[in-house]
Amino acid sequence: MSLGSLRALARGDAAADRVVPPTGFTARLTLFASAAMCFLAVFALALSLAAGRLASSWGDELARSSTLRISAPSGEQAAQTAAALRLLEQTPGVARARALTEAEQQALLEPWFGPDLPLANLPVPQLIEIVEDATGYDAAGLRLRLQAEVPGAVLDDHTRWRRPLVAAASGLRLLGWVSILLIAGTVGAMVTLAANAALAANAQVIAVLRLVGATDAYIARAFVRRFTLRALTGAAAGVVLGVVAVLLMPGAGSTAGFLTGLTFVGWHWIFPLLVPPLAAAVAFAATAAAARRVLGGLS
């Protein structure tokens, strides 16, 4: 879309605009298709951006933390826990390590076993939270030292959990962008069908305009302007409705999830504002291509 085309699109031509019927099936089809597709595009954008935020969040949080599980007889568990803490304090790359309290372990098990779980009467392993520094620690070397000094300790560096979660979030982000491309293609296809129908319905008017000296570029510009403005209007309405629907979604609060974090954050609110102009650009290109093809066939 050149600068001259934008100026002609904004300026318009009252005489040329009368070539295209202002109402009818093609107008309703273009408005509805643009509004519906841009409504869905807002949700696809929100999904893609939210998935990207979750991938970064999960990757960073799980990459910096590990869990040490100590399973030992009740008489030896306290001694092995103290030995493990001393070993971790001497391990390069470990920023801090602490044993979870009974109340914290109770809170971790509560969603599965309820609030009345008698931890004191059950052989529940002792958990130690490990937070590494920027350099990180040698997990293989730490496992060997634990095996020798704390036989009941098992190190979980969250690798097997982190990679599938990050991969799933990254896949959803890619799915969101692919959905946006499919939506753009659908808008282009619907506008092309509507433009073809309008051009075919006005074949006799086009023939008369040619007889009085109108060029194909003049005729095509009338169709392009009308359908571009229809798509822009429908897209703007669809984006407004989509933004309202996103604002009505539940907030993330203290936890982040795909359903509770489906919104725009910070400068990401710019993306919905770009949808109507992009929809108008797709409609401009689709209508121009349809006009060239149909007018060439009517020659």
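## Helix 9 against helix 10

In this predicted model, helix 9 (residues 216-247) packs with helix 10 (residues 270-297) at an angle of about 150°, and their axes are 7 Å apart. Helix 9 is therefore roughly antiparallel to helix 10, since angles over 145 degrees are counted in that class. The two helices cross in the right-handed sense. Sorted by class, the residues in the contact of helix 9 with helix 10 are 22 nonpolar, 2 polar and 1 charged.

Leu229 is placed in helix 9. Its relative accessibility is 33%, so Leu229 counts as partly exposed. The C-alpha atom of Leu229 is separated by 9.8 Å from that of Thr30, a residue 199 residues apart from Leu229 along the chain.

## Helix 8 against helix 9

Helix 9 also packs with helix 8 (residues 203-211), here at an angle of about 140° and with the axes 10 Å apart. This angle makes helix 8 oblique to helix 9. The crossing of helix 8 and helix 9 is right-handed.

On the helix 8 side, the contact involves Ile206, Leu209 and Arg210; on the helix 9 side, Asp216, Ile219 and Phe223. By class, this contact of helix 8 with helix 9 has 4 nonpolar residues, 2 charged residues and no polar ones.

The 4 strands form an open sheet in the order 2-3-1-4, with antiparallel pairing. Strand 2 (94-99) and strand 4 (153-156) are at the edges; each has a single partner strand, so one side of each has no neighbour in the sheet. From one strand to the next, the twist averages 20°.

Strand 1 (residues 65-70) runs antiparallel to strand 4 and is joined to it by 4 bridges. Strand 1 also pairs with strand 3, in the antiparallel sense, over 6 bridges. Arg69 has a bridge partner on each of these strands: Leu127 in strand 3 and Val154 in strand 4. Ile70 stands opposite Ala153 in strand 4.

## Helices on the sheet

Helix 4 (residues 74-89) packs on the sheet and touches strand 1, strand 2, strand 3 (126-132) and strand 4. The direction of helix 4 makes about 5° with that of strand 3. Helix 6 (residues 139-149) lies across strand 1 and strand 4. Relative to strand 4, helix 6 runs at about 170°.

## Gln80 in helix 4

Gln80 belongs to helix 4. With a relative accessible area of 13%, Gln80 is buried, because the cut-off for that class is under 20%. Residues up to four places away in sequence aside, Gln80 touches Ile70, Ala72, Val150, Pro151, Gly152 and Ala153. Among these contacts are Ile70 and Ala153, the two residues that stand opposite each other where Ala153 is in strand 4.

At 26% relative accessibility, Ala99 counts as partly exposed. Apart from its neighbours within four places in sequence, Ala99 is in contact with Thr81, Leu85, Gln126, Leu127 and Ile128.

The C-alpha atoms of Ala99 and Leu127 are separated by 6.0 Å, and the two residues are 28 residues apart along the chain. Leu127 is also the bridge partner of Arg69 in strand 3.

## The protein as a whole

The secondary structure comes to 10 helices and 4 strands. Along the sequence they follow the pattern α-α-α-β-α-β-α-β-α-β-α-α-α-α.

The protein has 299 residues, of which 40% count as buried. Among contacts in the protein with a separation of 6 or more, 82% are between residues 24 or more positions apart.

Note on methods
Residues are numbered from 1 along each chain as its sequence is written. This is a predicted model: local features need pLDDT of at least 70, side-chain atom pairs count only at pLDDT 80 or more; totals for chains, interfaces and linings use all residues. Side-chain values use heavy atoms; hydrogens and water are left out. Axes are lines fitted to C-alpha atoms, for helices over the stretch in contact, and angles run from 0 to 180 degrees between N-to-C directions. Angles under 35 degrees count as roughly parallel, over 145 as roughly antiparallel, 65 to 115 as roughly perpendicular and the rest as oblique. A crossing is left-handed if the near helix is turned anticlockwise from the far one by less than a right angle, and right-handed if clockwise. Ala, Val, Leu, Ile, Met, Phe, Trp, Tyr, Cys and Pro count as nonpolar, Asp, Glu, Lys and Arg as charged, and the others, Gly among them, as polar. Two strands pair if DSSP finds at least two bridges between them. Contact means heavy atoms within 4.5 Å. Buried means under 20% relative accessible area, exposed over 50%, partly exposed in between (1.4 Å probe, protein chains only).
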